[in-house]
Amino acid sequence: MTMAPLPAWNLTSLVFYIDTHILDAPDTETVLLRQLHEASWINLRRTDAMDTELGSAPEEKWVTLTEASASYAESFGPMVLDHSRLDHCVLGSDEDIARNDLVFSTLFPGADRATCRKNHIRDAMHVATAIRYGGRAFITHERKLLNKSDQIAALFQGFRIWSPTEALREVASAIAGARELYRREPERGSLPKWPSEEDLRSG
């Protein structure tokens, strides 16, 4: 599989935010999404909560993971005490507070912020920040989050929580649409041959 760089007509308007474990997940779909990002077909981003989570990584993995996270643009979410890093967050508005609260209560109904697991608060931070900045979806393997995708979409203008497989399906459709547009209007130029339909189906 050979990747080719794209000129200015790429699909980086396809903005997806990624969960922390997506940085090094070895499954075929996730690897392909990372390759599509590297080739500028899509735009993968991280929230400030990612490096907060990486702070508890084993020392032998911390360097590798933080180097990997640095290759994705970071969006600063509203400050959450005991979870946000002071130089990697913004002062939240009333709208931010309401959004974060609604995301948290939707993902973890009945949970109490004071006693819940730190990961619950940080998962909600990931999703709320992705929504704040207009992302298409949040990509994760976490089943508890994936199960709430329809509810989140109903509350936040279609924003989705997708597995890598679901995200890849969306990307494949967008690439097919772009190629059909360029086939009908050849004056636009041409698109790289990678990824092929077979490459995308292998995900």
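# Pockets, cores and helices in a predicted model

The largest pocket of this predicted model holds about 320 Å³ of space.

Me: Which residues lie nearest the centre of the largest pocket?
Reply: The lining of this pocket comprises 17 residues. Those that lie nearest its centre are Asp19, Thr20, His21, Glu53 and Asn119.

Me: Which element supplies the largest share of the lining of the largest pocket?
Reply: At least two lining residues come from each of α2, α3 (59-69) and α5. The largest share amounts to three residues, and the element that supplies it is α5.

Me: How many residues in the lining of the largest pocket are charged?
Reply: The lining divides into nonpolar, polar and charged residues. Four are nonpolar and four are polar. The charged residues number nine.

Me: What is the volume of the largest cavity?
Reply: A cavity, unlike a pocket, is a space from which a 1.4 Å probe cannot get out. The count of cavities of 30 Å³ or more comes to one. The largest cavity has a volume of about 40 Å³.

Me: Which helix gives the largest share of the lining of the largest cavity?
Reply: This cavity is lined by Val80, Asn100, Arg113, Ile121, Ala124 and Met125. By class, four of these residues are nonpolar, one is polar and one is charged. The largest share, three residues, comes from the helix spanning residues 118-132, namely α5.

Me: Which residues have the most contacts inside the largest nonpolar core?
Reply: The largest nonpolar core has 29 residues. Within this core, the residues with the most contacts are Phe16, Ile18, Leu36, Trp41, Ile42 and Ile139.

Me: Which residues does Ile18 touch, not counting residues up to four places away in sequence?
Reply: With residues up to four places away in sequence left out, Ile18 touches Leu23, Leu44, Arg45, Met50, Tyr72, Phe138 and Ile139.

Me: How many residues are in the other core, which lies apart from the largest one?
Reply: Members of this other core include Tyr17, Cys116, Phe156 and Phe159. In total, the core has 23 residues.

Me: How many disulfides are found in the whole structure?
Reply: A disulfide requires two cysteine sulfur atoms within 2.5 Å. For Cys89, the nearest cysteine sulfur is that of Cys116, 19 Å away. For Cys116, the nearest is that of Cys89, and Cys116 is in no disulfide. A search of the whole structure gives a count of zero.

Me: Is Cys89 buried or exposed?
Reply: A residue counts as buried under 20% relative accessible area. Cys116, at 18%, is buried. Cys89 has a relative accessibility of 15% and therefore counts as buried.

Me: Which residues does Thr30 touch, not counting residues up to four places away in sequence?
Reply: Thr30 is placed in helix α1. Its relative accessible area is 0%, so Thr30 is buried. Beyond four places away in sequence, Thr30 touches Ile22, Ala25, His141 and Pro164.

Me: How many Å apart are Ala154 and Glu180, C-alpha to C-alpha?
Reply: Ala154 is found in helix α7 (residues 149-155). With a relative accessible area of 68%, Ala154 is exposed. In sequence, Ala154 and Glu180 are 26 residues apart. In space, their C-alpha separation is 31 Å.

Me: What distance separates the C-alpha atoms of Leu81 and Thr106?
Reply: Leu81 belongs to the loop between β3 (73-75) and α4 (94-107). At 67% relative accessibility, Leu81 counts as exposed. Leu81 and Thr106 are 25 residues apart along the chain, and their C-alpha atoms are separated by 20 Å.

Note on methods. Residues are numbered from 1 along each chain as its sequence is written. This is a predicted model: local features need pLDDT of at least 70, side-chain atom pairs count only at pLDDT 80 or more; totals for chains, interfaces and linings use all residues. Side-chain values use heavy atoms; hydrogens and water are left out. Buried means under 20% relative accessible area, exposed over 50%, partly exposed in between (1.4 Å probe, protein chains only). A nonpolar core is a set of buried Ala, Val, Leu, Ile, Met, Phe, Trp, Tyr and Cys residues joined through side-chain atoms within 4.5 Å. Contact means heavy atoms within 4.5 Å. On a 1 Å grid over the protein atoms alone, a cavity is a set of points where a 1.4 Å probe fits but cannot get out, and a pocket is an open set with protein on both sides within 12 Å along at least five of seven lines; lining residues have an atom within 4 Å of a point. Grid points are joined across faces, edges and corners, and a volume is the space filled by probe spheres set on the points. Helices (H or I, at least four residues) and strands (E, at least two) are DSSP runs, numbered from the N terminus. Ala, Val, Leu, Ile, Met, Phe, Trp, Tyr, Cys and Pro count as nonpolar, Asp, Glu, Lys and Arg as charged, and the others, Gly among them, as polar.
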